[in-house]
Structure formats: structure tokens, C-alpha cells
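Dear colleague,

I am handing over the structure below, so that you can look at the sequence and the model side by side. After it you will find my notes on what turned up.

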Amino acid sequence: MKGWDMLALYDYTMAPSPRRARILLAEKGVQYTKVQIDLAAGEHLSPSFRAINPACTVPALLLNDGTVITENAGIAAYLEAEYPEKPMLGRTPVEKGLVASWSARVEYEGLMAVAEALRNSAPGLKDRSLTGATNFEQVPALAERGVHRIWMFFDMLNARLAGRDFVATSDFTIADIVAVVAVDFARVVRCKPKPEHDNIARWRTALAERPSLAA
Ligand SMILES: N[C@@H](CCC(=O)N[C@@H](CS)C(=O)NCC(=O)O)C(=O)O
């Protein structure tokens, strides 16, 4: 023990990746404190935050023994092992496989598509086409491709949700968390599911009942 007894989440309220961690922590009912890292002000690139996460990204979770866990995948693995009561990564071997598969898919096809569209077009992200300490120029063609991929993601997700309440299994899991964060964040590049994406609409309306979504 290093003298504090609560987890601390390095967070930025407006960003989608830390929202994934906040929803998971809320679903698990875990108490924690938030430390805001102002991405808009470049605080994630400061020497003090680099010492915490050299990848210069949020979220990062500080444990009470001083360990810092970065990456949502790492944070989810830790929380599931430490707080197993309400499984969010699947219950059975088959479910665990399905949850890992679907969360990877909705991250790559959904969240990464939004990131591609936004990071290659937003004036505030000039030269920040990729996260990390190294600057990369924006590539307008990638912004266009990102938007195209978002529409493909909506079609894919809508098809997957036909006759289903949740993305991966019969329970709410991290696959739903990644998917809902991607769908909600797509608004920043003016993409919203269309009326024909009726399964997404039904799923999103039902998810709105969960208090964790407001975390
Ligand atoms: N794979 C990482 C991605 C984290 C990530 O990209 N976070 C963004 C906020 S959504 C960030 O820290 N961006 C810093 C930047 O824009 O340079 C995870 O899932 O934890």
C-alpha cells in the first residue's frame, strides 16, 4: 500500500476512450477518484503525465500499490479479475471468446473509424492524426475514409443486433460498452444511425436505462 485506498482514473470527460473505463467501473460498482487530464490543453503530452503513461493517452488506472494500468483492454482485464462478481467479459469459455471477438471488432470497425475521421479533419487536432508523443500530419483522404467506415460500421452493428438485446452474448458486456461509445461519439463527425438502423435504435434506447451510461 502506498497510502491511498482508492483507485484513481486518469480521465478526460469529453473523450470516448476514458468513457469506456468509466462505464465499466460504474457497472462493476467500483469506487474511484477521477484525475482530469486536459487533452485540449495538451496536458497528456506534459512530462508529468508522460511519467504516468508514456503512450500519452487516457484512460489510465492507478492502483493503490502504485501500479498504473493503461489501455482499456488492460483496465478491463484487471477489473474483471479483481471484481469478478458481475462478469463483463463473458461467463463461459464460449462467451469469453465471443466478448473478446466482438469488442475487438466494434473497436476496430467503429471507434477507430470515428477516430480516423475526426483526427484527420478537426482543426484542433492539427498534426495529431495519431495519439502518442510523435506528431503525424492529418491526411484528408483518411478523414473521408473514416466517415465511409462509420456508415459500414452502423450497417454491420445493425445486422448483428437483429433479434438480439446485446452485441456479444445475452448479457450486457464490454462489447456493448465499446459499441455504444463508438455510436455516441460518431456525432462529432456528424454521423448518426439512420432510421433504417432500427436495431441500433432499439438497443440504444434500452441501454439508456443503465445509470452507468451517464458515468
Ligand atoms: N487503445 C487506447 C486508446 C486510448 C486513446 O486513444 N485515448 C485518447 C482519448 S479518446 C487519447 O488519450 N488521446 C490523446 C491524444 O489525442 O493525443 C485505450 O483504449 O485505452
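There are 13 salt bridges in the structure, where a salt bridge is a side-chain nitrogen of Lys or Arg within 4 Å of a carboxyl oxygen of Asp or Glu. Please keep in mind that this is a predicted model, in which local features need pLDDT of at least 70 and side-chain atom pairs count only at pLDDT 80 or more, while totals for chains, interfaces and linings use all residues. Residues are numbered from 1 along each chain as its sequence is written, and side-chain values use heavy atoms, with hydrogens and water left out.

One of these salt bridges joins the side chains of K86 and E27, at 2.5 Å from N to O. Because K86 lies in the loop between α3 (72–82) and α4 (93–119), whereas E27 belongs to helix α1 (residues 16–28), the pair ties together parts that are 59 residues apart in sequence. Helices here are DSSP runs (H or I, at least four residues), numbered from the N terminus. K86 is partly exposed, with a relative accessible area of 35%, and E27 counts as buried at 8%; buried means under 20% relative accessible area, exposed over 50%, and partly exposed in between (1.4 Å probe, protein chains only).

A second pair to look at is D171 and R91, whose side chains meet in a salt bridge at 3.2 Å, N to O. D171 sits in the loop between α5 (140–160) and α6 (174–185), and R91 in the loop between α3 and α4, so this pair ties together parts that are 80 residues apart in sequence. D171 is partly exposed, at 27% relative accessible area, while R91 is exposed, at 52%.

The side chains of D127 and K126 also form a salt bridge, at 3.4 Å from N to O.

From its first C-alpha to its last, α6 reaches 16 Å, close to the 16 Å expected at 1.5 Å a residue, where the expected span is 1.5 Å times one less than the number of residues.

Technical notes: Helices (H or I, at least four residues) and strands (E, at least two) are DSSP runs, numbered from the N terminus.
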